[in-house]
Amino acid sequence: MSQFHQVFFDETDEHLATMESVLLAVDLALPDSEDLNAIFRAAHSIKGGAATFGFADLAELTHILENLLDKVRKGSMRLTSEMVDACLQSKDVLSGMLAAHRGAATVDPGSVAEVERRLASLVGGDNQSATVAVSTAIAAKPTDVVSSHTLYVELDHLPEVDYEVLLQSLSALGEMTVVQSGSREQSQPWVLVFTSTLQADEVTESLAFSIAPAHFRITVDHGQQDEGDFGLFLSSSLAGGVGEGTPDIVFEDDGFGLFAPQENASTVAAAESADAGFGLFEPLPVASAAIEMLHEEDGFGLFAPVAAMANTAAAGMAHEEEGFGLFAPLLSGPVPSQPDTAAAVPVAASQPASPRAERVAPAAENSIRVNIDKVDLLLNLVGELVITQSMLVQSSQTLDAVQNERLLSGISAMQRNARELQEAVMSIRMTPIAFVFNRFPRVVRDLASKLGKQIELKMVGENTELDKGFIEKLADPLTHLVRNSLDHGIESPEVRQAKGKSAVGRLTLRAFHQGGSIAIEVTDDGAGLNRERILAKARERGMPVADSLSDSEVWGLIFEAGFSTAAEVTDVSGRGVGMDVVKRNIQSMGGRIDIDSMQDFGTTISIRLPLTLAIMDGMSVGIGADIYVIPLSFVLESLQPQAQDLKTVAGKGQLVNVRGQYLPIVSLASFFGHADAANADPTRAILVIVEAGGQQLALLVDELIGQQQFVVKNLETNYRKVEGISGATIMGDGRVALILDISVIARHKQRPPAASMRQVVGDVA
Amino acid sequence: MTEQLEYHHGQSKAVRELLVFTLGQEEYGIDILKVQEIRGYEAVTRIANAPAFIKGVVNLRGSIVPIVDMRIKFGLGEPVYDAFTVVIILNIFQRTVGVVVDGVSDVIQLAEDELRDPPEFGSVVETTYIEGLGTKGERMVIIVDIERLMSSAEMALVDVTDRG
């Protein structure tokens, strides 16, 4: 059985993700029945799987969750934002349980009890009177596990339902006789007699997948019972017990195997009678649950009692007053400090946070799961093939075109195939950025409530694809940027209104292709960065800054290590990831990050990433006997300078005049210590103008060889990091060419500092 | 010879199999399990600012493998590169490294009693990477702890942080 566990875990992950995305998208006022069904189905599938694989805790919680969802789905309860909150909370707890089964730390039992209590109280809420009668009716025979039940099933005839399939699936579950076939003309319903070991509500559940609950009725044949008990047997069995303040926990009966576990009526009476027969009923002491709930306050900031909310708000205010960070302290005034306002905030804030206009498509796709190592291996092999193929092309060029016509046409066909194959394999690694973006509706929603702000999140271009490797690495930096925007960027509703902006802050996540790279932008319409504040902070830290710095240079300061630490103390942004780490993460992916900000208009942080890690467009250049590759994204132009354009500074540093701009010349031959460069004289060589880190420079090379795609290989797999080199690639002839790290070269502009050289040389001696 | 081999197989635990290569007049032995393959020397791509004994990197079926010339490293033999130059590809710590030597002579099996402790030279000769001396009749094979040598700081093959 355990070999299926991984599959179950993966599937459950998907179900949970679906549940969350639908929950966040659902319109409270007018919930789409398809959405509600989707949430219910997700919970139901998890429950079924969990019971099958013996994960009792998962099954138990989803069971309660399912009860609630089932009621909502059938329209007997109205969906409230409180329910959505509770469902999201239970989703979190379920994820935690799942992680625990996978080997992570176990979930705090207190939080489980808290969620169960919450769900149960919601189920019990307004339905008590309606369901108690029904559940006692079920309770009459709840322990009858082995004996079969005879049910009368009446189905309305609907044109959109395929009854043949429906009946077939029913007859697979037990013995079924059709008493009366339905027909549309006479508005005659189907009447079936169904005998199986299933309880009425289980049959209800199975049927509900194919036909709306309003269109069928199930009657239990208790022998003497008459039509009086007609009606829906809702699986809201917990209601009775909860009403009396004892949230009983129903353990699933393992004997039921694949079928959904039995929905036991857990009224107190039923609990007593069931105790002897099967199942475990463990009354949870209410008092301790209440205490645990108090302990949980921090964990569920959203749902914390009023007093706690006031505390957090007050604490937040205290932090704000310390004057953290780069954003003007807008929050201190309007942060709600009276308990009653604080209580009102989460409800108000939670509504605008859910994206109403766009529906987030559930992540389910027709796909197979493949280990990423296999894909990488495939990619490597295809890379090899492409190299071998270009070797063939090279050696076939000397052949006589007439005599070897067949061979040559075969080779050119292979060239095309190899390229297509390479592209196809590359596309396997490409994943839509939605995988990263999908977490943000939730993050924003929770944070907005916590901070008492109103945020509208907009996501654009979720289908932009980028390398799978980036997806995982992007999550942390992006989360940090989003949290920053919410915490420090967007002001509280009061301040916004005072500034004449709409009370609802806008946060936009946008992903799109731009040239050979992918751009991801996090835009808020908040307060913007505060130039004076950043400069003051920089001086405080002893950085040499002048007032004449350009805006972009000032914004760049917040990426300095340790610069933003003061801004990190709030519990929202305090995740130990400073902006310097964000920048480093992005750079390690070969990307770059820029800030654009305007006081009171907002801030845009844009990230640019190469399309993929594995393949890169580059320009190969010759330096002496060696070939180096310059990533094309850095190259602006290449030229052969005229003597009058060359200038020197202090007799050494060479500059070249390119249309009025004087750019420093960096000789790659001397940067890498090669003595055999053919042309030290720039007028006989080629200058490649590159741009990195906001500055331009001219690289002196001997010749330009060509422009093509290169398969990037890691130099550090078998060797070590080399200053000024970002990787290696294999050329058509099988030789290795090194790929230049332009940003490092731009920083040093000459050979690496002598210190590092001495270390290596000294060791050798 | 045959007898000897069988004898050693008899007490297999104590027997070590070594690949013997030559540097100048000296014979060195390395644990054969570390050896992936033996190839001829092909043109390398040199690496900027690397020590002289790191010749550069080559493409070994798609992976980029650094090549170390042991002759330069130990100052033995003539660093000439021709059709007879041999590269031993080693697998060490999940890394692949190529080592240029003068030639590979054979594979020997050494019993425990044929192992001698490394000699004491004081500071004249660096003996940290010499595990011991193997004696086979008149032959003396210097047994090198290749893993230790290749991961040492002086080889500059791995980043300091990687070495753990």
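How many residues of chain A are in contact with how many residues of chain B? In this predicted model, 29 residues of chain A touch 25 residues of chain B.

**Where chain A meets chain B**
- On the side of chain A that touches chain B, at least two residues each come from helix 14 (372–396), strand 21 (725–730), strand 22 (736–740) and helix 25 (754–764).
- Helix 25 of chain A gives the most, with five residues.
- Sorted by class, this side of chain A has 14 nonpolar, seven polar and eight charged residues.

**Helices 1 and 2 of chain A**
- Two packed helices are described by the angle between their axes and the distance between the axes.
- Helix 1 of chain A packs against helix 2 (residues 33–53) of chain A at an angle of about 155°, and their axes are 9 Å apart.
- Because that angle is over 145 degrees, helix 1 of chain A is roughly antiparallel to helix 2 of chain A.
- The crossing of these two helices is left-handed.
- Helix 1 of chain A contributes residues including Phe8(A), Met19(A) and Leu23(A) to the contact, while helix 2 of chain A contributes Ile39(A), Ile46(A) and Phe53(A), among others.
- Ten nonpolar, six polar and two charged residues make up the contact of helix 1 with helix 2 of chain A.

**A look at Glu20(A)**
- Glu20(A) sits in helix 1 (residues 5–25) of chain A.
- Glu20(A) counts as buried because it has 23 C-beta neighbours inside 10 Å.
- Beyond its neighbours within four places in sequence, Glu20(A) is in contact with Leu88(A), Lys91(A) and Arg442(A).
- Val84(A) is 64 residues from Glu20(A) along the chain, and their C-alpha atoms are separated by 9.4 Å.

Technical notes. Residues numbered from 1 in each chain as written. Chains lettered and ligands numbered in written order. Predicted model: local features only at pLDDT ≥ 70, side-chain atom pairs only at ≥ 80, totals over all residues. Helix = DSSP H or I, 4+ residues; strand = E, 2+ residues; numbered from the N terminus. Buried ≥ 20, exposed ≤ 12 C-beta atoms within 10 Å, placed from the backbone. Contact = placed C-beta atoms within 7 Å. Nonpolar A, V, L, I, M, F, W, Y, C, P; charged D, E, K, R; others polar. Axes fitted to C-alpha atoms, helices over the stretch in contact; angles between N-to-C directions. Parallel < 35°, antiparallel > 145°, perpendicular 65-115°, else oblique. Left-handed = near helix turned anticlockwise from the far one by under 90°.
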